[in-house]
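Dear colleague,

Please find the structure below. My notes on one helix and on the ligand surroundings follow it.

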Amino acid sequence: SNKEFAGRSVIVTGAGSGIGRATALAFAEKGARVVAADLNAQGAADVVREIGAAGGEAVAVVGDLSGQEVVDGLVTTAVETFGGVDVLVNNAGIMDSMSAAGDVTDAEWERLLRVNLTAPFLLTRAVLPHMLEAGRGSIVFTASEASLRGSAAGAAYTAAKHGIAGLTKSIAVTYRQSGIRANAIAPGGTATNIQVNADPDALGPRALRAYMGNVGQPAGAGTQAAAIVFLASEAAGNINGVILPVDNGWAAV
Ligand code: NAD
């Protein structure tokens, strides 16, 4: 089989479930040494065990990536265990309550921005010195259809995911002469364990309902993983700063 990531060190956040889990498995299948980071210890341990059982190499890092100490520990583990960071997949994220801007609480706003935007930034900042030293690296974000439009989630999630699109493009432009690329996938509806706790009678969910119905059957997480692996690969060497919809055409509507 194709081991194009043989010997490469790949961090995947949110690797314990859904898109991150599928991505960790897909990289391992291509020979990568995977650092599987997740808040959920069981999920992280399961994917590490599965990779090991298939003859691959992986290590788990458990913790909330919205904290600087967990982020620093993750990067230290990658560097000490696998010698550096060749690929960073900033994938971990949470859904909001689909609330309209006027209904978002401080707590929801702060948590959503912290987990979905600040945490990927913190990890990117911590990884960049290692990629700069190596003279190469690829960063892939899991953005969202909510990075492209206002009809895919609530105000907090939409703002955070638009922020991810901006961060992706900023990194792409400023590090393009340093051998470092940054891209994102924008998944449409995908069958994972992500939770939405929405009050169906509130303004946000009522306003969004008509659009959510257009998503159709959710794709499998494997389709998102394949796009992430492609963006990180040599074949995508001239692709930098794109937000790639993986949504069966939703972004084209
Ligand atoms: P999921 O819930 O199945 O997996 C997400 C994983 O991230 C979980 O294992 C969770 O424990 C972990 N996580 C959450 N917060 C964390 C934190 N603070 N620190 C460490 N780990 C944390 O969901 P998923 O659908 O696979 O989500 C992955 C990404 O895909 C998210 O960024 C999400 O916004 C994005 N996305 C999902 C969909 C969809 O329809 N499922 C659509 C667009 C974008």
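A residue is taken to be near a molecule or strand if its C-beta atom, placed from the backbone, lies within 6 Å of it. The model is a predicted one, in which local features need pLDDT of at least 70 and side-chain atom pairs count only at pLDDT 80 or more, while totals for chains, interfaces and linings use all residues. Residues are numbered from 1 along each chain as its sequence is written.

There are 28 residues around the ligand, and Gly14, Ser17, Gly18, Gly93 and Thr192 come nearest. By class, the shell around the ligand holds 9 nonpolar, 16 polar and 3 charged residues (Ala, Val, Leu, Ile, Met, Phe, Trp, Tyr, Cys and Pro count as nonpolar, Asp, Glu, Lys and Arg as charged, and the others, Gly among them, as polar). Helix α1 gives the most to this shell, with 3 residues; α1 and α4 (106–134) each supply at least two. Helices (H or I, at least four residues) and strands (E, at least two) are DSSP runs, numbered from the N terminus.

In α2, the buried residues (20 or more other C-beta atoms within 10 Å of their own, with C-beta atoms placed from the backbone) are Gly43, Ala44, Val47, Val48 and Ile51. Seen down the axis of α2, these fall within an arc of 130° (that of the directions from the helix axis to the C-beta atoms), so they line one face of the helix. On the other side of α2, Ala41, Gln42, Arg49 and Ala53 are exposed (12 or fewer such atoms; partly exposed lies in between). Just after α2, Gly55 takes a positive phi of about 90°.

Yours sincerely
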